[in-house]
Amino acid sequence: MTPMSPSPSVDHAPRADTDGRWTPRLVLLLIALAWPTQLLAAGGILGANATAGVAQAFHTTQVVWFGLTLTLVSTLLTPFAIKLGDLYGKKRVMLAMTALGALGEALAALAGSFWLVLAGRAIAGFYGPFGALSFAAVRDTFPPRLVRQASGIMGSSVGLVALGSPFLAGWLIDNWGYRGALWFLAAATAAAFVLVALLVPETPRYAFDAGFDWLGGLVLGGGLTAVVYAVGQGQSWGWSAPRTLGWLGAGAVALVAFLFVERSRAHPILDLHVLRRRPVALALTAGGLAQTVAFTMPGLAILLALYPHIPGVSAGLGWTAHHNAVVSVSWNAVMFGTGLLVSRYLRHYDARRIWCAGLAVMAVGYTLVGFFHSTELQLIVTSCVANAGAGIVVAGAPALVVGVVSREEQGLGSGMLNMLVSLFGAVLTAGAYAVLAADSTVVGGTAFYLDTGYSWIFWLGALVTLAALILSLIIPPLRDPAEEDALPGPPPS
């Protein structure tokens, strides 16, 4: 046994139910992993709805940091979470993350000052990289024949979260203000801790060396954080402002330096040799681009729904938040249902073809949304088409990663996909706001967006999806996890 190979007698989680059939134990295990994973999406929706209340409660013009603080901490810590999961087992790291997440949200809910709220959100950011470990844990704990299906169900359940979270956010904030949303997140994260502790077995360790590449982790996390921060602030600072260019430059330098730092480290935080393989690079890039569109576009569509309709000034639909939640039930239900249906067939059919079909449908859908979004009926029909594709994408992305990496590399693959979604999401969001700003009218210091801008942000989503589709078409055939023991895999690091 090599120093990096897992110990079969101590570190491997039990992989019962090897006949590939669902059992009550596996259903509970899936719930225990899906609940905290999709709580991240619910937290984003609840946090967005709580932002206005935080700004008014503390009379601050810096409320952007309410969400940005959590994002930056999460981005910085993702490479550390991946490595720690390989060193000590994913369950231990997930328990620590959920405990800190619950503590941070509770601190933010109790805070009497804005800066203490930000401190709580920073601690809650330790929970952010959970998804980088949970999808990898599916491969460690489920029978190989069910890995694709279980991953697909976990991914598609984001549609169920999007279905109920707007109603939950409205009820909490209308009755208890922003603190109600934060207390719910604290309680839900504490429940996630209990589920993981009771139902998730310990996973194998894939690294047994005592060394830890702190320098590499800080350089990589710091570089990614600097880029995300610059892109997030670029719209308010100005894209050519010295601060924006300085942060972008610092991030780029750090990411380049990371490549050189890792070459000289005895225990690198990320195995760059894995990323040099063409199938892995293609799958992660395509998966990151496609999931970014699937997760980002619905949030941008909320601007169209909630901004007022003022002829010649603002092309928004002028809906209330409650009305938007009611109408969006249609396309969120389509997303969840499509993902759930597709997850059943990922086990039996070529996941790459299903994935490409989903990308094509999503690209057509957002093209149609760009043309037809001026009435309730138009938006329902076109968004249902787009979200039918998005449901396939979120269900298929985990299977895409599973098909190009070995079990030992699953944590690295899932973690890199998470980092790319964060990075691409910041860039796509900033690009969308730049497009909107180019076709806007400023009245009383407030920018109102015209119809051409809304059309182009949806077309931008379609173009990014097409780019993901082109990359996906040249991905080689995927490995089936059910055959992973019979096929030669890459040697351990």
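1. Y454 is buried, at a relative accessible area of 0%; buried means under 20% relative accessible area, with a 1.4 Å probe and protein chains only. Y449 also counts as buried, at 9% relative accessibility. This is a predicted model, in which local features need pLDDT of at least 70, side-chain atom pairs count only at pLDDT 80 or more, and totals for chains, interfaces and linings use all residues. Residues are numbered from 1 along each chain as its sequence is written, and side-chain values use heavy atoms, leaving out hydrogens and water.

2. Y449 and Y454 form an edge-to-face aromatic pair, 6.3 Å centre to centre with 90° between the planes. Rings of Phe, Tyr and Trp (its six-membered ring) pair if their centres lie within 6.5 Å, and planes over 60 degrees apart count as edge-to-face. By this rule there are eleven aromatic pairs. Elsewhere, ring pairs join F58, F114, W115 and Y178 into a cluster.

3. Y454 is also among the residues with the most contacts inside the largest nonpolar core, which has 82 residues; W355, L359 and F458 are others. Such a core is a set of buried Ala, Val, Leu, Ile, Met, Phe, Trp, Tyr and Cys residues joined through side-chain atoms within 4.5 Å. Apart from it lies another core, of 47 residues, including A42 and V93.

4. What is L359 in contact with, leaving aside its neighbours within four places in sequence? The residues are A290, V393, T465, A468, L469 and S472, where contact means heavy atoms within 4.5 Å.

Technical notes:
Buried < 20%, exposed > 50% of the residue type's maximum accessible area, 1.4 Å probe, protein only. Phe/Tyr/Trp six-rings, centres within 6.5 Å; stacked < 30°, edge-to-face > 60°.
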